There are 4 protein chains.
Amino acid sequence: MSKPRAHTGGDGLGDLIGLEYLDTSPEEVRARIAVTDDVRQPAGLVHGGVYAAIAESICSAATWLAVHEDGMAAMGQSNNATFLRPITEGHVNAVARPRHRGRTTWVWDVEITDDRDRIAALIRMTVAVRPV
Amino acid sequence: MSKPRAHTGGDGLGDLIGLEYLDTSPEEVRARIAVTDDVRQPAGLVHGGVYAAIAESICSAATWLAVHEDGMAAMGQSNNATFLRPITEGHVNAVARPRHRGRTTWVWDVEITDDRDRIAALIRMTVAVRPV
Amino acid sequence: MSKPRAHTGGDGLGDLIGLEYLDTSPEEVRARIAVTDDVRQPAGLVHGGVYAAIAESICSAATWLAVHEDGMAAMGQSNNATFLRPITEGHVNAVARPRHRGRTTWVWDVEITDDRDRIAALIRMTVAVRPV
Amino acid sequence: MSKPRAHTGGDGLGDLIGLEYLDTSPEEVRARIAVTDDVRQPAGLVHGGVYAAIAESICSAATWLAVHEDGMAAMGQSNNATFLRPITEGHVNAVARPRHRGRTTWVWDVEITDDRDRIAALIRMTVAVRPV
C-alpha cells in the first residue's frame, strides 16, 4: 500500500529513512523500513531516533487522515520511546494502534519489532488535533 | 568542532540529517542541523523525529565519550520528547546538559530552539551504561 | 486477594489511598481503589498522582515478587502517565501487564479505567532490577 | 505560605501526603512534604507516586492560578517522572518552573531534591488549559 497522501508536501524524513506503509486501517497502521547503514548509529545498532521518527510519521499521518475532512490539522505533541532490545539487521517493523481519539488529542501506542517478532521498542505518541 | 569519534562506525542517521557538532564539554553539548526538505514532514514543519534523533545522537555520544575508557558502552534507554512550537526554516539548535551521571544510567535534558532562541522542543533522554 | 507480602514494611502510600489488590498473576495484576475525597483534587476529579501511585505500587510489587528469590531488588526508574478522561466517582481500576522482563529493567503497561470500562489513563512504568 | 486557594474543594491527595507550599511566584513554585511512613513504599524509600503527586498538585494549581481569571480550567495531561536517587528521611523538596505557557498547554519542569540538595527525581508535567 502506498503511504497516505495526506498533505501537499512529501514526508522528508520518512522518505530519507525509507519508510514503507504496509497497511492502514482505522484500528491499525503497519509500516516498516529496511535496516541499512543510513539508520544505524556508530555501534551498528538501529538508531533510537529512527524508532521515534517512524512512530511520529505514521501516527501523525493516520490522525491527519481521520480528522482533516473536518478541517483539522494533526501535529505531534509528545513522543515517548522506551528501547528494549537492539535491532541490527533485517527490518524495523512498526504497528500503531490508537488508544484515544479525543477532540483535541489522539493517543497512539506503537510497537516496534524485529523480523523475529521480538519487541525492540515501545512508543506512546500524543498527537494534537487543532483547527487548521 | 568535529563530532565525537566515539565508535568504529559513523552515525548513519546523524549524517543523514546533517548533524553538526558545535561544542562538546562535560557540562554541555551543542549541535545543530540546517532545515531542508529532508527533515520536514508533509505540512512543512521540521519532523518531530528529527528532534528525537538529534537528542539521541548527542546524548549517547557524549555519554559514551565519558564512560568508554572504563570499558563501558552507552545505549539509549528512553527518549521522551515534548513538542512546543514548530520550526520551519533556519536551524534546529540543540543544547544537551547531563542531569544525572549514575553508575548504570545517565539522564540528559535537551533543549531544542529555533534561530530566534524560542524553545521548540524539550527532550529527556535516559542512556543506559553497561559493561561492553 | 491480599496484597503481595513483598517486603518488611507496609506500602504506606498504597494503604493511604486504599489500594486493594484483586488478582496477581505473572501476566497481569489487577487492583483498584474506591474514589473518596482523599483522592480527589480541588476540582473534584481523581488526582493524577493517584493513577501514577497505583501504577508505581503494583508494578514495583509484581516485579519484586518475580525477582526477589534471585536476590534482586525492584525499584521504579520511570513512570510516564498520560491522562485521557477524568474519573469522579466509583472506582479507579488498574490492570498492569509486563511488556518486557529484562535482566536490568522490567517495562509495564498499566491501563486505568472507570467503572464503565472507559480508559482514564495509560501509564508506562520502567522498574529497575538490581542486586540487593 | 498557604496553598493556592484555587478551587472550591480541597486538594485531597495533597492534604493526605502533607503537601506544604513554601513559595509561589509566576516563575517558580516551591513546596515540600515531610517524610513519614505514610509516604514510604515497603522497602522504606519514598514512594515514586509521591513525587508524581507533588508535581501534579503544584503544576496544576499554579497553572490554574494563572489562567482561571480568563475563564480557563487547568488539568494534568501527562506526568513523566524519572527517578534518580531514593529519599528515605527528612523532606521531599520540590521546585517547579514553567517551560512553556501556551494557549492550550503549559509545560513544567519539576526538580525533587532531598535535604542535602541531591536530585531525587525529575518530572515533566504537561497541563491542558481549556475553557471551563
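These are my notes on a predicted model, taken chain by chain.

**Entry 1, chains A and B.** I looked up the contact between the two chains and found 33 residues of chain A in contact with 33 residues of chain B. On the chain A side, the elements that give two or more residues are α1 (12-16), α2 (48-67) and β3 (72-83). I sorted the residues of that side by type and got eleven nonpolar, 17 polar and five charged.

**Entry 2, the strands between A and B.** I checked how β3(A) meets β3 (residues 72-83) of chain B: the two run antiparallel and are joined by five bridges. I noted one pair, A:T82 with B:S78 as its bridge partner in β3(B).

I traced an open sheet of twelve strands with antiparallel pairing, in the order β1(C)-β2(C)-β4(C)-β5(C)-β6(C)-β3(C)-β3(D)-β6(D)-β5(D)-β4(D)-β2(D)-β1(D). Its edge strands are β1 (20-25) of chain C and β1 (20-25) of chain D, each pairing on one side only. From one strand to the next I read an average twist of 20°. Within chain C, eleven bridges join β3 (residues 72-83) to β6 (residues 119-131), and these strands run antiparallel. C:N80 has C:R124 as its bridge partner in β6(C).

I compared length with expectation: at 1.5 Å a residue, the 20 residues of α2(C) (residues 48-67) should span 28 Å, and the end C-alpha atoms are 29 Å apart, which agrees. I counted 17 of its 20 residues as buried, so α2(C) is largely enclosed by the rest of the structure.

Terms used
Residues numbered from 1 in each chain as written. Chains lettered and ligands numbered in written order. Predicted model: local features only at pLDDT ≥ 70, side-chain atom pairs only at ≥ 80, totals over all residues. Contact = placed C-beta atoms within 7 Å. Helix = DSSP H or I, 4+ residues; strand = E, 2+ residues; numbered from the N terminus. Nonpolar A, V, L, I, M, F, W, Y, C, P; charged D, E, K, R; others polar. Pairing = 2+ DSSP bridges. Expected span 1.5 Å × (residues − 1). Buried ≥ 20, exposed ≤ 12 C-beta atoms within 10 Å, placed from the backbone. Axes fitted to C-alpha atoms, helices over the stretch in contact; angles between N-to-C directions.
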